[in-house]
Amino acid sequence: MGAKSPYLSAPFAGLLALCASCVVLLLAPCAQAATCPNEAVRAEQGSAALALPDCRAYELVSPGSTPSQDIFSKQVFGGGRAAFDGDALSYFSRYPARGSDTSSETWLSRRTVDGWSVEGLVPQMTPSPTTNGECQPGVAFSEQLDTYLLSAGGEIYSAQSPPSLIGECEAPQEEIVPGEPHGYSNLYLHREGSPYLLANPVPPEKTPANATYQAGSSDLSRIVFSEGAQLTPEAPFGVNLFEWADGIIRLIGVLPNGEPVPAKLGAATENWGGGGGALKGLAPVSHAVSDDGERVFFEAGGSLYVRQNAGQAPAADANCVTTSEPDLACTLQLDFSFGPGAHGGGVFQFASSDGERAFFTSDHKLTLSSKAEPGRPDLYEYRVDSHELMDLTVSSSGTASVRGISGGSDDGSHLYFVARGILTGSEQNDQGEVAQSGQPNLYLAREGSLTYVATLSPWEEKPVPGGKDRSSWWEPNAGNLSTAWSPSGRYLLFSSYKPLTGFDNTPAAPGLCVFRSGPPCQELFLYDAETEALNCVSCSPDDERPVAHTELVERQEFKRFGPGPRYAPRVVLDSGQVFFETENALSPTDVNGFQDVYEYRAGSLNPISSGKAEGGSGFVDASADGSDIFFTTSQSLVRADGDGGRPSIYDARINGGFAEPPLPLEPCTSDEACRSIGRIPSPPLATPLTATFVGEGNVRPRRCKPGKVRREGRCLKKGKRHRKHQSGQHQSGGKN
């Protein structure tokens with residue numbers, strides 16, 4: 001019985017052992033375990049990791065660092081940005097990382113073969129006594145996080161006219177770039193392995209002013225910013241729009257007739273030096289600057305323009321339609337009227353990532369078919385290469401009254417928007433509903449056709465206490481719906497208080513969902529443009545009524561405090577994956593009563609955080625293909641996270657995980673206890689096991705007297721042999 005079967009190979013024996021451990025631990029099914037190359041690491045991490053889908057395992061992204069936490073809600077700030085491939089993550093923290101030499105609030109963690117390594121990006125700052133720490137340096141990143149732009153220092157002006165100086169921002173403790181203007185907001189570009197470059201150098205004869213970053217190319221080789229100083233000879237007085245490209249600064253605000261004018265980037269943040277505050281900031285999200293930085297959409301004098309070849313020298317003829325130098329910088333007017341209305345009125349909304357297709361609203365009749373009226377704009381599309389203008393919202397039922405854009409595809413083939421008009425007649429969505437006049441109707445514009453998606457709750461357009469009018473949320477260029485979309489535009493994720501799919505979203509008990517105009521409770525809905533299906537992402541699979549709102553993860557700010565452009569986390573992907581956070585328990589393993597992070601895909605919900613942390617978990621970002629899901633939690637999910645329950649950032653990574661460090665040695669109180677766990681060897685046995693002993697073993701042989709030699713364990717005279725040996729009898733030292 002003690003012999004092993006000759007048919008049990010080593011790999012098969014290992015598989016049996018692995019499955020046996022699954023059964024004992026009552027963890028993941030063995031069928032999945034056998035397919036995961038990192039199953040040993042997942043098993044070390046325990047039941048939470050083994051319950052993750054797609055062979056994911058946890059990795060500690062913020063070792064030695066604590067992300068910022070809301071002291072009121074006890075939840076971790078989810079602000080951060082992941083690199084395209086998921087091998088790096090930036091995030092905010094008010095607490096210096098262990099061993100750091102800077103009090104930076106922006107940190108960058110990179111993945112190595114041994115784990116994640118954290119560094120502070122911002123040089124040591126000198127706090128300003130006038131702003132109470134609310135004016136922190138801002139950092140913008142390239143797609144791979146290998147290049148970043150630092151905005152630091154400066155003055156804060158009131159919004160009154162004329163503006164008055166009310167405070168200063170934190171400034172670098174030491175000069176970052178020789179000759180930088182002191183006392184102003186400067187822009188410093190840093191490429192990996194290179195020193196800082198100043199993106200807003202001021203000519204010696206000009207007076208410096210604050211520079212405000214607006215957007216840039218995807219690799220940050222082009223930087224678009226507004227600045228009150230005259231950085232180029234032709235720049236007019238006032239706040240102008242500039243682009244930095246390879247050390248050269250070009251003025252963006254040039255009209256088709258060649259006149260330089262003060263300009264504002266589409267969906268931009270107001271310049272601080274001009275007395276404005278944080279407005280809009282959606283330029284990076286809406287592609288107001290093309291991915292290559294060569295097309296920049298700007299507004300000036302009540303009209304909308306695009307600067308083509310923005311990083312090149314200006315053409316002699318600034319009009320792109322008539323210029324004979326198509327490779328040089330020129331300007332097109334997008335809201336040029338081909339109809340009965342006057343030129344202008346265009347408000348930039350969205351563009352394709354290459355800048356070829358631009359979408360804007362205007363209440364001017366710019367085409368012959370337009371029915372736009374003052375205060376009731378139409379939605380237009382302009383094709384830059386062919387100079388074509390189209391009205392996308394012509395309807396036989398009256399004005400479109402477009403309220404704003406909700407999202408679109410990178411190539412401009414899909415565009416989601418909200419309008420109060422009935423634009424699709426009696427068309428029904430998959431729930432049997434039709435558009436309603438005067439209500440916020442959500443539509444999809446796709447290659448010349450319109451599709452009705454849903455009618456949303458009108459509460460956002462009603463005044464609320466305190467004099468704030470939520471209708472401003474719907475105004476063009478003001479953020480519009482709280483939405484997210486996949487790069488191809490196939491999927492749109494949005495929030496609503498209406499039971500759009502029939503799920504009962506009234507609170508489970510009185511007094512719940514009272515924030516943000518509830519009850520009822522807000523839920524998340526996913527629209528699939530390919531199937532035209534609408535599904536509730538955050539609704540309970542068991543039809544349990546919610547206890548809290550589920551809101552879309554917010555777009556992240558350029559600065560932790562103060563104005564700046566926004567970054568949209570990857571919450572919905574072309575695969576149909578959706579990432580969100582909710583206090584509602586949508587899984588049997590979610591038992592902590594706090595906010596947790598989930599993945600939704602193809603109708604299934606997968607918990608990403610464990611659901612057992614003593615505090616809220618929050619989604620941060622994901623890699624472009626969804627292999628990495630970054631989130632915050634106060635629970636130690638790996639052995640290396642021994643920070644006593646402070647918040648940490650983790651990556652739930654496909655085929656990820658690192659080998660756990662060895663467990664610390666437990667103290668033992670007696671020799672017997674230490675022997676039981678192998679700390680000290682057991683003493684040798686007192687009685688030799690002669691029954692099983694063969695040969696002499698390791699016994700040291702005795703030395704023979706002179707004249708004798710050792711044969712067969714005995715000292716004999718030279719030339720004399722043992723008698724039994726001579727007679728042919730052999731002696732065995734043990735049993736056969």
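This is a predicted model: local features need pLDDT of at least 70, side-chain atom pairs count only at pLDDT 80 or more; totals for chains, interfaces and linings use all residues.

Residues are numbered from 1 along each chain as its sequence is written, and side-chain values use heavy atoms, leaving out hydrogens and water.

**Exercise 1.** Work out where Glu660 sits and what its side chain reaches.

*Solution.* Start with the place: Glu660 is in the loop between strand S42 (648–654) and helix H6 (671–676). Next, check burial: Glu660 is buried (under 20% relative accessible area). Now look for a salt bridge (a side-chain nitrogen of Lys or Arg within 4 Å of a carboxyl oxygen of Asp or Glu). Glu660 has none, as Arg639, the nearest side chain of opposite charge, is 4.9 Å away.

**Exercise 2.** Find where Ala602 lies and say whether Ala602 is buried or exposed.

*Solution.* Ala602 lies in the loop between strand S38 (596–601) and strand S39 (604–607). Then take its backbone: phi is positive, about 50°, although Ala602 is not a glycine. Last, Ala602 has 77% relative accessibility, so it counts as exposed (over 50%).

**Exercise 3.** Do likewise for Asn655.

*Solution.* Asn655 is in the loop between S42 and H6. Its phi is positive too, about 55°, and Asn655 isn't a glycine. With a relative accessible area of 43%, Asn655 is partly exposed (between 20% and 50%).

Technical notes
Helices (H or I, at least four residues) and strands (E, at least two) are DSSP runs, numbered from the N terminus. Buried means under 20% relative accessible area, exposed over 50%, partly exposed in between (1.4 Å probe, protein chains only). Lys and Arg count as positive and Asp and Glu as negative; His and the chain ends are not counted. A polar contact is a pair of N or O atoms within 3.5 Å; within protein, one must be able to donate a hydrogen and the other to accept it, and residues adjacent in sequence count only if both atoms are side-chain atoms.
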